[in-house]
Amino acid sequence: MKKMMGGLAAAMGLTTLAGCASAPPKASPKDMTFFVTSVGTGKGGDLGGLEGADQHCAKLAKAVGAPDRTWHAYLSTQAPGLRDTNFVNARDRIGTGPWQNVMGVQVAKSVDDLHSSSSNLTKETALDEKGQVTNGTVDKPNRHDMLTGSRPDGTAFAGPPFPDMTCGNWTKGGADGSAMVGHHDRAGPMMTSPWATSWNSSHPTTGCNVEKMRATGGEGTFYCFAAK
């Protein structure tokens, strides 16, 4: 009887250990240096400029208990003219990396890595600040469009006379204008096309208000990186 009870206890112990080993990791905001915003500003492409977008990142990070970091939105701006140098490249404002999500999974080790084929930014890793997965192409509603205003290498688009790709440098929230978005889930209607699977430069929106953004699979959300 004692031998039977001892065997049962040992088996239970092994089961407990196995359960512990397979337990999913817990979110740890203190180590988070990258996230997708769980919500937009509510004004479509009007983010209050780069400053307002950065403040939105910081507000969401603070709400989940993340340390006081310098948070920057991954957004580019366009110059007022073709030969004007008054523009900002998204890749130049996010620090040097590495960056990891709230679960401790690294999405990129450097700026170059982030913009390369080895980038680990996917639907499974591009979590919001709460550790939640954002809806992708196969979900309803689809929310995979992330505002970036950027080309694939993370640089800005040319300014006028070329089209608006930043909703007026993130100050427009109406039906006019447009903004370049990327697909956080690396998926789209044409999976063999680079534009459909790009996390930062897939297609422009058809307008700058929330309604127009929803029509193409977005909610006015964007990426946030800890620059420091």
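**Exercise 1. Classify the two partners of the salt bridge between Asp31 and Lys30 by accessibility.**

Step 1. Asp31 has 32% relative accessibility and therefore counts as partly exposed. The classes are these: buried is under 20% relative accessible area, exposed is over 50%, and partly exposed lies in between, with a 1.4 Å probe and protein chains only.

Step 2. Lys30, at 53% relative accessibility, counts as exposed.

Step 3. The two side chains meet with N to O at 3.3 Å. A salt bridge here is a side-chain nitrogen of Lys or Arg within 4 Å of a carboxyl oxygen of Asp or Glu. The structure holds six salt bridges.

A note on the source: this is a predicted model, in which local features need pLDDT of at least 70 and side-chain atom pairs count only at pLDDT 80 or more, while totals for chains, interfaces and linings use all residues. Residues are numbered from 1 along each chain as its sequence is written, and side-chain values use heavy atoms, with hydrogens and water left out.

**Exercise 2. Locate Arg91 and Asp112, which form a salt bridge, and state how far apart they are in the chain.**

Step 1. The closest N and O atoms of Arg91 and Asp112 are 3.0 Å apart.

Step 2. Arg91 sits in the loop between β2 (71-73) and β3 (99-100), and Asp112 sits in helix α3 (residues 111-114). Helices (H or I, at least four residues) and strands (E, at least two) are DSSP runs, numbered from the N terminus.

Step 3. The pair links distant parts of the chain, 21 residues apart.

Step 4. Arg91 counts as buried at 19% relative accessibility, whereas Asp112 counts as exposed at 55%.

**Exercise 3. Describe the salt bridge of Arg214 and Glu219.**

Step 1. The N to O distance between these side chains is 2.8 Å.

Step 2. Arg214 is partly exposed, at 48% relative accessibility. Glu219 is also in that class, at 23%.

**Exercise 4. Work out how strand β6 (residues 180-183) is covered and which strands it pairs with.**

Step 1. In a regular strand the side chains alternate between the two faces of the sheet.

Step 2. In β6, Met180 and Gly182 are on one side and Val181 and His183 on the other, and all are buried.

Step 3. Strands pair if DSSP finds at least two bridges between them. β6 pairs with strand β5 (residues 145-147) in the antiparallel sense over three bridges, and the bridge partner of Leu147 in β6 is Val181.

Step 4. β6 also pairs with strand β7 (residues 203-204), in the antiparallel sense over two bridges. Met180 stands opposite Pro204 in β7.

**Exercise 5. Identify the largest nonpolar core and its contributors.**

Step 1. A nonpolar core is a set of buried Ala, Val, Leu, Ile, Met, Phe, Trp, Tyr and Cys residues joined through side-chain atoms within 4.5 Å.

Step 2. The largest core has 24 residues, of which Phe35, Trp71, Leu75, Leu147, Trp170 and Phe222 touch the most other members.

Step 3. Two or more residues come from each of α2 (49-63), β2, α4 (167-170) and β8 (218-226). The most come from α2, which gives five.

Step 4. Another core, of 16 residues, lies apart from it and includes Tyr74, Ala90, Ile94 and Tyr223.
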